[in-house]
There are 2 protein chains.
Amino acid sequence: MERVPVLKIGDILLVSIQIDMEDQVALQLQEDLAERIVVTGCHGVIIDISALDIVDSFVGRTLATIASISRVLDAETVVVGMRPAVAITLVELGLSLPGIRTALNVELGMDLLARSRAEEYDDEQDDESDPVVVNES
Amino acid sequence: MERVPVLKIGDILLVSIQIDMEDQVALQLQEDLAERIVVTGCHGVIIDISALDIVDSFVGRTLATIASISRVLDAETVVVGMRPAVAITLVELGLSLPGIRTALNVELGMDLLARSRAEEYDDEQDDESDPVVVNES
């Protein structure tokens, strides 16, 4: 069976989708990715779809599912490399990929993830510097 | 026609081979990669073959050609992600991929390219600090 490889680059997992997203391939990718996030502790997932001529509703749903799975495992997903024609068709089909962040290419996707991670870290720092007092009364 | 995407990450071009390397696909990849090296000025190429179950003599030759093209364009090629079974079959077939550097995964491939680049840079620095005197006589 064909399988989409998941590549680890620093704190990011990179998936380049090139083959047809049939049911089994999509399920296997979701499983592989979830496992790699847990094993590696990566906080970002980049899915490159620059090889895809067509993104139909099944692929759109698969991307959304991957993003949701990653989110509950504390990783953020960015879809990169979408062709202009794909974007036009997606919107014409009424699929605007809600809940999925996008960037033009892998590098911009990495920047986005790094910025987003830095902001999250800042927020955590702020929370810590402002301790919540419980059982005060 | 199917096409293998070439992803730019920093100073490196990453190619993840997942589809069958037919003649046209291989030629297109060689062309795309050569163009991207020239346009981006990248000095390293990483080819991930972790999705391949089989590497036959045609794929082996394609990898060697890509490495040679990259070399004349001042970029170094590292093949990463080879499965153990592929390595065994390659050697049994008498194909030991001469002239191709390998690493276990993308991250180690990046390290290898960075180290190799740093050494080259050091050599250049040494050359500069040791000027050649011409027309002395």
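Across the interface of chain A and chain B, six residue pairs are in polar contact, both residues at pLDDT 80 or more; such a contact is a pair of N or O atoms within 3.5 Å, where within protein one must be able to donate a hydrogen and the other to accept it, and residues adjacent in sequence count only if both atoms are side-chain atoms. Strand E1 (6-9), strand E2 (12-16) and helix H4 (106-129) of chain A each give two or more residues to the side that touches chain B; helices (H or I, at least four residues) and strands (E, at least two) are DSSP runs, numbered from the N terminus.

A word on the ground rules: this is a predicted model, where local features need pLDDT of at least 70, side-chain atom pairs count only at pLDDT 80 or more, and totals for chains, interfaces and linings use all residues. Residues are numbered from 1 along each chain as its sequence is written, chains are lettered from A and ligands numbered from 1 in the order in which they are written, and side-chain values use heavy atoms, with hydrogens and water left out.

Back to the interface. There are two salt bridges between chain A and chain B, taking a side-chain nitrogen of Lys or Arg within 4 Å of a carboxyl oxygen of Asp or Glu. Lys8(B) and Glu107(A) pair up in a salt bridge through their side chains, at 3.2 Å, N to O.

Put together, chain A and chain B bury about 1,500 Å², with 58% of it on carbon and sulfur atoms (accessible area lost, 1.4 Å probe, summed over both parts). Glu107(A) turns up again here: with Leu7(A) and Gln18(A), Glu107(A) loses the most area in chain A to chain B, the three together making 36% of what that side buries.

Key
Buried area is the accessible area (1.4 Å probe) that two parts lose on being put together, summed over both.
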